[in-house]
Structure formats: C-alpha cells, structure tokens
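Please look at the sequence and the model before reading on.

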Amino acid sequence: MSDNPTQNKAETGRESRLVKVWDLPTRVFHWSLVSMVFIGIITGYIAPEWWMGLHVWAGYITVTLLVFRLVWGMFGSEYARLETFTFSPVHILEHMKEIISLRPVRHYIGHNPSGAVMIFALLFVLSVITVSGLLVLGGEENQGPLAGAASYAISEIAAPIHNIFVIILIAMIVMHVSGVILEGKLTGENLVSSMFTGLKRVPKGTPPLVHRRARPFAAFLVTATFFAIGGSLLAAFATMPPSGLRHLPANETYETECGDCHAAFHPSLLPAKSWADMMATLDDHFGEDASLDAETANEIALYLAEYAGEEWDTEAANRFRVLDPKHPMQITATPYWVRKHDEIDPETFKRKGIGVKSNCSGCHTDHYSGRFDDQKIKIPEVKVK
Amino acid sequence: MKNAKIFLITLSMAAMFAVSAEAGPREDIIAGFMAQGAGPADPAKGKAMYNANYGTGKVETPKCQSCHGATPQAGGETRTAKPIDPMAVSKAPDRFTDKKKVDKWFLRNCRGVIGRECTAQEKVDFIAFMVTQ
C-alpha cells in the first residue's frame with residue numbers, strides 16, 4: 001500500500017546517479033527462475049519423454065526458488081520486500097493507463113505497479129504449475145513425494161490444469177518481456193541490465209534514498225524452518241507406498257511358461273477379460289500354438305486374473321484397459337500404445353535387443369514392475385541385424 | 001589268475017555302470033515313445049523332417065527351421081525375437097532331457113508347423129537326428 005518513498009516529486013536539481021536497487025539474492029533468484037522455467041518448458045514440450053527427470057528437477061528447484069523469494073520478500077533489502085511493491089488497485093490502474101496510452105510514466109525505483117502485478121501473478125501461476133505437476137507425477141507416474149497420496153484420477157484433473165497454466169505462463173512471459181521493452185522505451189531505462197548489475201539510474205532531483213538493509217540471518221532461519229517442516233511433511237507422504245502400484249509376487253510358472261517365446265508381460269497390462277480369453281485360446285496364440293496342460297494353464301489363469309489391469313492404478317494399467325475391439329488381447333493394438341509409439345521408426349523395432357514391437361523389455365528397463373516410467377526408456381542404439 | 005578274474009569283473013561292472021549312465025533321461029524319453037509304438041529310430045527321417053517345408057500348419061511357421069535356424073547347430077529365434085539354443089545335442093547337451101518340455105514342444109510345434117500332432121515314430125526320428133548332430 002505504501003507509496004514508494006523514493007518516487008520522485010521533489011525537485012532538488014541534483015544530477016542523475018546510479019543506485020543499488022536489486023540485491024544479489026534477488027538477481028540470482030530472477031535469472032535462476034528464468035533458467036528453470038526455460039528448462040521446464042523445453043523439457044515439457046520438445047525433448048523426448050525420458051528427459052522428464054530434468055523436467056521434474058526444474059520443478060523442484062522452482063518451488064525452492066518461490067519459497068525463497070517469499071521469504072526474501074520479507075527480509076530482503078528495500079526493493080526486494082513485497083511491501084515496497086504492493087500498490088493499491090487505483091494506483092495500479094493509473095499506471096497501466098499511463099503505459100497503454102504510451103505517456104511517459106512516472107519513475108519508480110523499485111518495481112512499478114504493473115510489473116508488481118505481474119510478479120504476484122507469476123508467483124501464483126508458478127505455484128499452481130508446480131503443485132499440479134507434483135500431482136501428475138504422483139498420480140500418473142507414481143513418482144515423487146505424492147506417489148502414495150495422489151491417485152490416477154487426481155492426476156487426470158491435475159494434468160489439464162498443469163497444461164493450461166503453462167500456456168498462461170507463456171503468455172505472461174511474453175507480456176512481461178514486452179512490458180520491460182516498452183517501459184525501457186518510455187523511460188529510457190535499461191531494465192534488463194539493471195537485473196544483472198543491480199544498479200538503476202535515478203533521475204536528477206531524487207532525494208537521498210533511505211534503504212532498509214537485508215536481514216539474511218532471519219531469512220535463513222525462516223527458509224530453513226520452512227524446508228524442515230515442508231520437507232518432513234513431504235518425506236512423510238513419500239513413505240506411503242505408491243498408490244495403485246501393488247506388490248506383485250513372483251510366479252515361476254507364469255514367468256517360465258509365458259516367458260518361453262517372449263518376456264512374460266506384466267499382468268497389469270491387460271484387463272482380466274483379455275487374459276481369460278487368451279488363456280482359453282492358447283492353441284492359437286497370435287498365429288502360434290502355445291498350448292499348456294490344463295493344470296499349468298489353470299494356475300496361470302488364476303494368477304493373471306488376480307493381478308489383471310483392473311487391480312492397478314498405474315498409468316499403463318489405466319490406459320491399456322481401453323482396448324482395440326478388433327484385437328482385444330493385444331497390448332500393442334490399444335489406442336494408447338499406438339499413440340505413444342507412433343513416432344518410433346518401424347526399423348527401430350528391428351534393432352538387436354528389441355526385434356519386435358511387443359518386446360517391451362527391449363526399450364523399457366522397468367517393464368517387470370509395470371510402471372513404464374518415462375525415465376526408464378533406453379532404446380538400444382546399435383543398428384545391427 | 002584269481003586276481004585277473006576279479007579285475008575282469010570289476011571292469012565289466014564299471015562298463016555296465018558307464019552304460020547305465022548313458023541311459024539317462026533322454027534314453028528314458030525315447031523308451032517312452034518306443035512304448036507308444038515307435039520302431040527303431042531313423043536319423044535320416046528326422047533330418048528330412050527338420051528340413052521339410054510343410055506349410056500345412058500356421059502360415060507364419062511353415063517349417064521347423066522357421067524358428068530353430070537353418071541348421072541344427074545354428075540356433076534360432078522365436079517370432080518374438082527371443083534367441084533359441086541350437087537343437088544339436090553336441091551344442092546343447094541338455095536337449096531332450098526333460099520329458100515335460102519335450103512333450104510340450106512337440107505338441108505345440110508339430111501342430112503349429114505340420115498342422116497335426118507328431119507320431120511317436122516322428123519324435124524318435126527327430127531326436128535321433130539331433131543326437132547325431
């Protein structure tokens with residue numbers, strides 16, 4: 001609410017001069033956040049999915065940065081403090097009007113009112129993005145601190161929120177950058193270089209500035225307390241077993257008998273009905289006779305029924321429950337499988353170590369767990385055969 | 001003289017023991033097919049079987065070679081690209097030593113390739129051929 005004390009009205013006739021406005025932590029925060037958002041967007045949209053590890057780390061670091069910024073907003077030096085750029089709505093509107101009508105705007109040493117609105121909006125949008133990201137990570141991929149707390153259903157709500165807010169974020173970044181350029185044009189200030197050097201030129205006539213100093217020790221204490229509490233909360237969540245990922249007891253009969261011709265598929269990859277139909281038609285199994293004696297077949301059928309797709313809440317199990325009606329026993333015919341693998345060159349499947357597309361183990365190093373994490377995909381490189 | 005006699009007895013016992021060691025699970029399996037009506041094994045017929053192009057079973061697999069490789073020594077690959085050890089006993093000594101496994105695969109592979117179950121005679125011929133390889 002405070003009007004910036006350094007906002008220039010009085011004329012003293014002194015020369016313009018450089019003053020330190022952005023302290024080091026604020027500048028480091030700003031550019032770190034820029035890098036993390038950049039990495040997050042690139043790894044989210046462009047890079048192959050097994051870069052998700054980097055994406056998730058960018059997210060964690062973003063959360064850390066956001067927390068730090070709020071703390072520094074209380075204990076930082078003058079212009080880092082949130083109160084110095086909390087303006088009244090009237091004040092904000094006035095400033096926006098000035099900008100829109102391209103009138104030379106009043107000079108603010110710290111953040112100007114429109115910029116301040118952008119900062120609070122960015123903090124909010126980034127919080128939504130990171131929280132929804134954590135929910136997707138936990139619900140869909142069964143990873144991260146919320147793997148136990150978030151169900152697949154939650155992740156289905158969180159995923160579109162994550163995506164929409166990223167689009168909003170990109171729009172805001174565009175506005176933020178144009179704002180900086182525009183403001184530079186109108187006031188002749190180079191805001192970008194200020195964010196590197198921390199120095200801003202104040203117009204002549206600016207009275208001596210009274211700066212409150214940073215209180216790094218207090219900031220450190222609060223940040224440490226926050227991470228201690230937040231960290232142990234998350235750690236407590238993280239001890240919950242991933243929701244939807246059950247323990248699959250090994251079944252030797254299944255692994256040897258159904259592993260004779262191909263690696264035994266994880267039972268979660270097809271619904272119970274598909275497995276039952278398959279076990280009833282083993283003499284004509286995808287163009288092959290895979291018949292088993294009744295006793296063995298029965299044991300396997302029971303095992304598959306008990307651990308079929310319906311019994312799991314992993315992403316793979318949820319997705320592969322939607323079958324291709326023409327090939328209801330084929331994982332590689334499900335719409336999701338086809339969609340996820342349609343960018344893979346058919347030749348790639350012929351590589352040594354893969355051979356056929358149904359050989360999940362050739363590329364998914366975690367196929368035995370049924371998780372099929374993005375980070376666990378390793379396509380063999382050598383192109384022999 | 002007496003010593004020589006004992007020596008001979010010991011020797012023949014050792015020889016018998018060696019023979020009975022020969023008569024391991026594979027021989028039991030062959031004996032089982034004999035009991036089902038197979039006559040003396042003919043490796044040449046087994047060879048013909050291995051090389052034949054039947055085309056009377058499933059379209060994907062017209063011959064034994066489709067999966068087991070061009071020669072018994074070569075080794076092969078399932079249609080799902082899993083390697084199969086050679087069938088030749090010289091290369092894979094534990095071939096045809098597990099009754100359940102032999103029965104399971106003769107049933108599957110004969111139906112899949114020939115379109116019917118193999119006779120006991122065909123089975124002993126096939127195994128006899130692989131033993132010579």
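Buried means under 20% relative accessible area, exposed over 50% and partly exposed in between, with a 1.4 Å probe and protein chains only. This is a predicted model, in which local features need pLDDT of at least 70 and side-chain atom pairs count only at pLDDT 80 or more, while totals for chains, interfaces and linings use all residues. Residues are numbered from 1 along each chain as its sequence is written, chains are lettered from A and ligands numbered from 1 in the order in which they are written, and side-chain values use heavy atoms, leaving out hydrogens and water.

Q: Is F33(B) buried or exposed?
A: The relative accessibility of F33(B) is 1%. Because buried means under 20%, the class of F33(B) is buried.

Q: Which kind of aromatic pair do F33(B) and F106(B) form?
A: Rings of Phe, Tyr and Trp (its six-membered ring) pair if their centres lie within 6.5 Å, with planes under 30 degrees apart counted as stacked, over 60 as edge-to-face and the rest as tilted. The centres of F33(B) and F106(B) are 6.3 Å apart and their planes stand at 80°, so the pair is edge-to-face.

Q: What is the relative accessible area of F106(B)?
A: F106(B), which belongs to a cluster that ring pairs form with F33(B), Y50(B), F96(B) and F126(B), is buried. Its relative accessible area is 9%.

Q: Which residue lies over the face of W105(B)?
A: A charge sits over a ring if NZ of Lys or CZ of Arg is within 6 Å of the ring centre and within 35 degrees of the ring normal. At 4.7 Å from the ring centre of W105(B), the residue over the face is R108(B).
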